[in-house]
Amino acid sequence: MLAQQLFNALSLGGVYALFALGFTLVFGVLGVVNLSHGAVFMVGAYAALTAVNLLHWPLWLSLAFAAGVSGLVGLLVDVLVLRPLRARNAPHLIPMIATIGLGIALNSLAQGLFGAENRRFPPELLPQGTLHFAGLDATALELGIILLSLVLMTVLLLTLGKTQLGRALRAIAESPKAALLLGINVEGLFMLTSFAAAALGGVAGVLIGLYSNALFPLMGQPVLHKGIAVIILGGMGDIRGAMLAGLFLGFAEVLSVAYIGSTMRDAVGFGLLFAVLLMRPKGLFGSTQERKV
Amino acid sequence: MLEAFDTFWSIYSNLVLTLGTSSLLALSIYLTLSCGMLAMANAAFMGIGAYTSALLTMQAGWPYPAVLLAGAAAPAAVAYLIGKPTLRLSGVYLAMATLAFGEVVRIAILNTEAWTGGALGLNGIPAETQPWHVALVLLLVVAVLERLRRSRTGRAFEAIKEDETAAGLMGIDVAAHKLAAFVMGAAIAGLAGTLNAHLTFFIGPNEFGFDRGVEILTMTILGGIQGLMGPVVGAFIVTLLPEVLRGLQDWRLMANGVILVLMVLFLPRGLWDPARLRRLLGRS
Amino acid sequence: MLELQSISRQFGGLKVLHDVSLQVPQGSIFGLIGPNGAGKTTVFNLITGLLAPHSGSIHFGGQSLVGLPPHRITQAGIARTFQNIRVFKEMSLLDNVVVGMHRHMNASWPATLLALPSFREGERRARERARELLGWVKLDHKVDDLADKLSYGEQRKLELARALATEPKLLLLDEPVAGMNSAEKTELMAEIVNIRNRGYTIFMIEHDMRFVMGLCDQIAVLNFGRIIAQGVPDQIRNDPQVIEAYLGRDDDETTAAAGVPA
């Protein structure tokens, strides 16, 4: 039934949106396409799993732990790799290539540490129960995911739109040099953004791990590739565009599985991407504004 | 002497030939990099060449020379079709769109089981590739690329890489040149795929995905793009490293990742940098 | 030779050019002046096809340029230099200029791939011509140096040589003497006259009043996107609107050169 499918899509779309948000934040503020974002997604999931299995922490604490660990990884990426490249004024493609390498290295490391087999969160940990309302079935898990995604997205949007911090970030996104001249602590905010974006990615990883009941070292890769499609569709650097495109992709995938068949599910995002690119090279929401250096 | 060579060859022939195909792959991405484009689709083009040629050999019984041509032409045609809209994108957008395209190809291969064998791949490809095939193709490609570099086309590529707008105002048709580099790169990658497929009996979709794309990129970044030797040197190192350091086999992917990061941070012009080498040698 | 009719262009809500019309006669040295931000470089960007006008027409030798991509406009015979220098930094001076000859080097594919004599001859002639052009701007002693190593003023001269390499009929020069010292400016002034005498038409944007007044046959003045005056230097010098547009600038040299009593 269509309404049910659409509801199910909200959870998948919400997670995609969270992932895309982190990705877009880094692109908008740091000006870098961080292709290790898929890896921090995976790091979050495994961190939560470790917390649950080894430390026997409850789910909510493990989630926070995952956010912290991924955030830390994101921060290290910025300080150790992206910052030296910034200092050198390296052309845009160079940091991207570096993050490709980082992502691969992290994925391989995870494979070495955890093995390639699928892992799962212990089923007892998952929220139980199903709610019935308005003729729809919603598992507690789905509701939890939707709620958490919504809360995080709202917090992010409010921060960006209404706070001094948000203003500073938007200033940097326009022009880092100008922001520096205005007295904004640009490097500090770069670090904060890297942390926050990676933390969001890590949370998204945990949520997908719960949703699909599968963790594996390369789990970030398909999401990363879709994330690429999403942020191009949404217009690079456009936060709202990324969110909407993420939700949209979730819907498109769920609907295609329901009505076309599950094998082409992963191709839906890319098919859409190409169709849109052919018509609007800057994406659906992208502006023609080039970032001023 | 001859016996020693025979023994060497029976153990290492595949490796040597793989050095050749890897060099071709590195050169294919060099071509697009030389006009300032990071196009990560060459692994996919390699796959298109591999599958097209394997199917033509196995299903249609074509002779090998024709198969080689088809293996180059098929990805070139695809490159031409997607090139026009995609190459309008610049820098980072292009890289990402081509990455995405690579995924599309991989998924398409997975989903056309009747032809491609899907996830199980194609088995039993006749071992048509002779060493002289690889040597000849590599030699031809290097010769053509070298002549190209020294002609107005090569200069145009370099101008485009430096400053597209200024290049356009020199009378250079930037879009046409970029498309040409993209299509040629695809053809070379397709040739590598064809040669490789008829060497290893088996091809599967995972050989032409993201990991392969990263490996090709690593070779070229490692070697540097100051000339044609760079990509070849990079290809040799990346291919031989897991052989030389036996324990590295399992960590091959990680090694590629680490190499990329280290090179970008410390040696962005690559290992084969004639200017730097001249300085180093000049001192000693 | 070059005719702009009622050109308008806006960026977002801001109208940058308003009903701009001007005519550059063949064989002349034509100057476009105006305060910063008046829209002068935008005019060049429109002519060379980097931007499209929102209304109006641009004709060159009778041919309409609107809608043509930049490389076709260059092929039609217009070359340009840039306000913020755009030389190919990692290429030698010689190669920079040879790139400009791109459309004139027509070796066939077989000749190129086999390095046949016709190809080699074409390359040799190109290099010779490049040396000649570099000689015109007095850079022929640095032919093999990397463009990056040149001084600011020398890079401007390189851009000029490179633009000439495209065999243009019309040269658009965007602030050709910005950043040069007095001696260099005088030298370039003489060189531009030489170039014009060789048959090229020159259309330049410049801030240096002495340079413009001394060199140009005709001058147009752009202010806030509109042409406020057009004519020979003497007319411009005494035009009240022009004087007003430039008053309020702290540039004494400018007002003095414009003939305003101190």
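Which residue in β4(C) stands opposite Leu2(C)? I looked this up at the start, keeping in mind that the model is predicted. Leu2(C) faces Phe60(C) there.

**Entry: the sheet of chain C**

I traced the strands next. I found an open sheet of four strands in chain C, ordered β2-β1-β4-β5, with antiparallel pairing. The edges are β2 and β5 (63-64) of chain C, and each of them pairs on one side only.

I then went pair by pair. Strand β1 (residues 2-11) of chain C runs antiparallel to strand β2 (residues 14-24) of chain C, and seven bridges join them. I checked Leu4(C) and found its bridge partner in β2(C) to be Leu22(C). On its pairing with strand β4 (residues 55-60) of chain C, β1(C) is again antiparallel, over five bridges. β4(C) and β5(C) are linked by two bridges and are also antiparallel. In that pair I noted Phe60(C) opposite Gln63(C) of β5(C).

I looked at the turn between β1(C) and β2(C). This hairpin has two residues between the strands, and Gly12(C) takes a positive phi near 65°.

What lies across the strands? I found helix α1 (residues 40-47) of chain C over β1, β2 and β4 of that chain. The helix runs at about 70° to β2(C).

**Entry: a helix in chain A**

I picked helix α2 (residues 37-54) of chain A. From first C-alpha to last, its 18 residues reach 25 Å, close to the expected 26 Å. Is α2(A) largely enclosed or largely open? I counted 15 of its 18 residues as buried, so the rest of the structure largely encloses α2(A). After α2(A) comes His56(A), with a positive phi near 55°.

**Entry: chain A against chain B**

I listed the contact: 31 residues come from chain A and 32 residues from chain B. On the chain A side, the elements giving two or more residues are α3 (59-87), α4 (93-114), α9 (220-234) and α11 (265-279). α4(A) gives the most, with twelve residues. By class I noted 24 nonpolar, six polar and one charged residues on this side.

**Entry: chain C against chain B**

How many residues does each chain bring to this contact? I noted 23 residues from chain C and 19 residues from chain B. On the chain C side, α2 (70-76), α3 (93-100) and α4 (109-113) each supply at least two residues. This side divides into nine nonpolar, eight polar and six charged residues.

Conventions
Residues numbered from 1 in each chain as written. Chains lettered and ligands numbered in written order. Predicted model: local features only at pLDDT ≥ 70, side-chain atom pairs only at ≥ 80, totals over all residues. Contact = placed C-beta atoms within 7 Å. Nonpolar A, V, L, I, M, F, W, Y, C, P; charged D, E, K, R; others polar. Pairing = 2+ DSSP bridges. Expected span 1.5 Å × (residues − 1). Buried ≥ 20, exposed ≤ 12 C-beta atoms within 10 Å, placed from the backbone. Axes fitted to C-alpha atoms, helices over the stretch in contact; angles between N-to-C directions.
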